[in-house]
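Keep the viewer open and follow along.

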Amino acid sequence: MTLSAESDDFNPFLPSQIGKGQMFDATQTPLVGTDDQGQVIGRLADSWEIAPDGLTVTVVVKPDLTWSDGEPLTSADVAFSFTRYLDGRISPVASRLGAVQGQAEYVDGAADTIAGIATPDESTIVFTLAAPNGAWVNQVASLDKFMPILPEHVLGDVDPAALPDDDFFATLPVGSGPFVLEEWQPGQYAHLVANENWRGEGPGFEELFMRVLDSDAAMAQLRTGETQFVSPLTAPDKGAVEDLGDGYAVASVPGVAPQVMQFNLADPALADARVRQAIAYAVDREGICTTVLAGECSVAKDNIRQLGPEWALSQNGDLIQYDFDPDKARELLAEAGWDPSTTLVLLHRPGQRDFDSAVNIIQANLADVGITVEIQNTDTANLLTMAETATGYQMFTIGGGIFTTDPNDLATYNRCSAAYPAGGNIARYCVDGLDALWDQGLAQTDEAERTATYHQIYQTLNADPDGLMLYTPNQLAGHDSHLTGVRIHGNPSSVYWNIGEWTWTS
């Protein structure tokens with residue numbers, strides 16, 4: 001098996017990495033998560049119920065759960081874990097979860113526990129929220145890679161402040177996933193063995209070796225049988241796997257993270273929405289998808305980042321469809337009084353082949369309609385430094401995020417109150433009344449009401465773009481056809497989400 005990237009640690013209280021998330025899928029289990037169709041599913045949770053007022057979430061965990069060391073896994077472990085994950089002093093996800101009653105008092109040191117977390121019995125945990133939040137379970141599910149449930153009987157006596165440095169996360173001696181970490185050789189491999197106490201019939205293999213390999217090495221080892229599963233698989237390599245014959249298979253699933261060219265709305269050059277609409281019409285996104293990614297991607301014609309769930313996507317045909325139309329782009333630029341001597345600076349972090357090719361096509365497409373673009377290569381640190389003042393550039397490329405779980409996932413990118421560096425709104429997008437709509441949708445629990453609210457938001461984002469949603473790459477994997485049960489996830493961190501169901505058939 002391959003890991004998409006080397007992991008520096010296996011600690012959820014330190015910044016997340018793709019390789020870490022993949023290891024957690026094999027060795028740990030969150031409360032809820034998402035499946036390969038983007039649906040919220042119970043992982044350790046058997047069921048959950050949100051009260052009509054949106055203030056109480058009651059979760060029942062699956063029966064007869066045990067840790068890999070044979071100790072019972074109960075609601076007390078869930079309460080212990082969430083208390084730590086809601087602690088903003090140590091947890092990187094605390095600000096991304098809707099607040100729980102008593103959370104602030106606990107973080108301030110005025111209370112020893114979070115009052116809004118209760119365990120009436122060993123199977124049930126009740127969360128009382130600080131404000132109505134119909135998306136709370138979905139928010140937890142979208143953060144599943146950051147929030148594995150932790151064993152209280154092992155870590156309960158550890159000072160919370162010391163968790164980011166605790167040795168437990170170097171070896172993962174106890175877990176709730178289908179496998180247990182036996183040995184980790186950084187930069188080489190992770191050796192995992194079957195968890196004999198895992199629920200159900202147990203995992204399909206006695207042991208696994210997971211390695212970080214570059215594309216060429218991974219393909220070579222797949223051919224020789226040294227490796228049986230390779231992910232991520234590039235679009236060009238897809239054909240190479242198919243050419244290997246009947247003994248090999250390619251798994252493909254729609255991705256969850258679009259590649260985006262974000263606008264800097266603090267710059268007056270992009271203040272007119274007609275200029276941003278023109279850019280959307282001018283870029284041949286379908287062409288990029290076809291030529292650069294061999295069709296293994298999708299394009300959001302309405303230019304909305306949200307990819308699911310289904311109830312949030314029905315737009316009744318009321319949104320602009322930004323097809324490739326250079327003439328329309330020129331028309332809008334003329335209406336906006338565009339000055340063709342203007343140069344737009346596009347910040348780009350090179351190194352990803354599809355994205356590198358895409359920016360060159362974008363540059364040529366925009367030149368064709370009279371917009372000059374200067375591409376400046378940069379790195380993440382410099383991009384974020386420049387974003388603090390929002391000067392010196394008009395656009396930047398960015399990717400990542402999960403946009404299939406809940407429409408509220410978009411809020412951090414578009415709230416006036418979330419302008420960077422206080423929040424994730426690096427585009428400095430701000431429309432009067434939009435924050436109130438985000439608040440309204442979050443507080444609603446009725447699906448029809450939430451749908452109507454988010455459609456209002458989508459109409460704003462559609463007509464007044466904050467960026468250009470270029471394409472969403474499919475997630476691809478190649479594997480030996482003897483490997484069955486493979487259902488890869490659109491999120492590369494979750495490619496092993498159901499590895500406990502994989503088996504080898506001779």
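## The second largest pocket

In this predicted model, the second largest pocket has a volume of about 500 Å³. Its lining is made up of 29 residues, and those closest to the pocket centre are G255, L307, G308, L313 and T404.

How many cavities of 30 Å³ or more does the structure hold? There are 7 of them, and the largest cavity contains about 80 Å³ of space. Fifteen is the size of its lining set, in which L3, E6, W184, Y189 and V212 are the closest to the centre.

Three strands, β8 (179-185), β9 (189-194) and β10 (207-212), each supply at least two residues of the lining of the largest cavity. The largest share comes from β10, which gives 3 residues. By class, the lining of this cavity has 9 nonpolar, 4 polar and 2 charged residues.

## The chain as a whole

Stepping back, the secondary structure of the chain comes to 16 helices and 21 strands. Along its principal axes, the C-alpha trace spans about 70 × 60 × 40 Å. A compact globule of 506 residues would have a radius of gyration near 23 Å, so the 24 Å of this chain agrees with that expectation.

Of the 506 residues, 54% count as buried. Among contacts with a separation of 6 or more, 68% are between residues 24 or more positions apart.

In soluble globular proteins, nonpolar side chains tend to be buried together. Here the largest nonpolar core has 68 residues, and L31, F82, F127 and F229 touch the most other members. Helix α2 (residues 75-85) gives the most to this core, with 5 residues. A second, separate core has 52 residues, including L270, Y322, W338 and L437.

Leaving aside neighbours within four places in sequence, L31 is in contact with G42, R43, L44, A45, V59, V61, V78, F82, F127 and I149.

Is α2 mostly covered or mostly uncovered? The helix is mostly covered, with 10 of its 11 residues buried. S75, D77, V78, A79, F80, S81, F82, T83, R84 and Y85 are the buried residues of α2.

Which elements do those buried residues pack against? Their partners are the strands β5 (56-61), β6 (117-121) and β7 (124-128), along with the helices α3 (103-108), α4 (136-142) and α5 (152-155).

## A look at K62

K62 lies in the loop between β5 and α2. Why does K62 count as partly exposed? Its relative accessible area is 22%, and partly exposed covers the range between the 20% limit for buried and the 50% limit for exposed.

Leaving aside neighbours within four places in sequence, K62 is in contact with G42, R43, L44, A45, D46 and R199.

Note on methods: Residues numbered from 1 in each chain as written. Heavy atoms only, no water. Core = buried A, V, L, I, M, F, W, Y, C linked by side-chain atoms within 4.5 Å. Buried < 20%, exposed > 50% of the residue type's maximum accessible area, 1.4 Å probe, protein only. Helix = DSSP H or I, 4+ residues; strand = E, 2+ residues; numbered from the N terminus. Contact = heavy atoms within 4.5 Å. 1 Å grid on protein atoms, 1.4 Å probe; cavity = no way out; pocket = protein on both sides within 12 Å on 5 of 7 lines; lining within 4 Å. Points joined across faces, edges and corners; volume = space filled by probe spheres on them. Rg over C-alpha atoms; globule rule 2.2 N^0.38 Å. Nonpolar A, V, L, I, M, F, W, Y, C, P; charged D, E, K, R; others polar.
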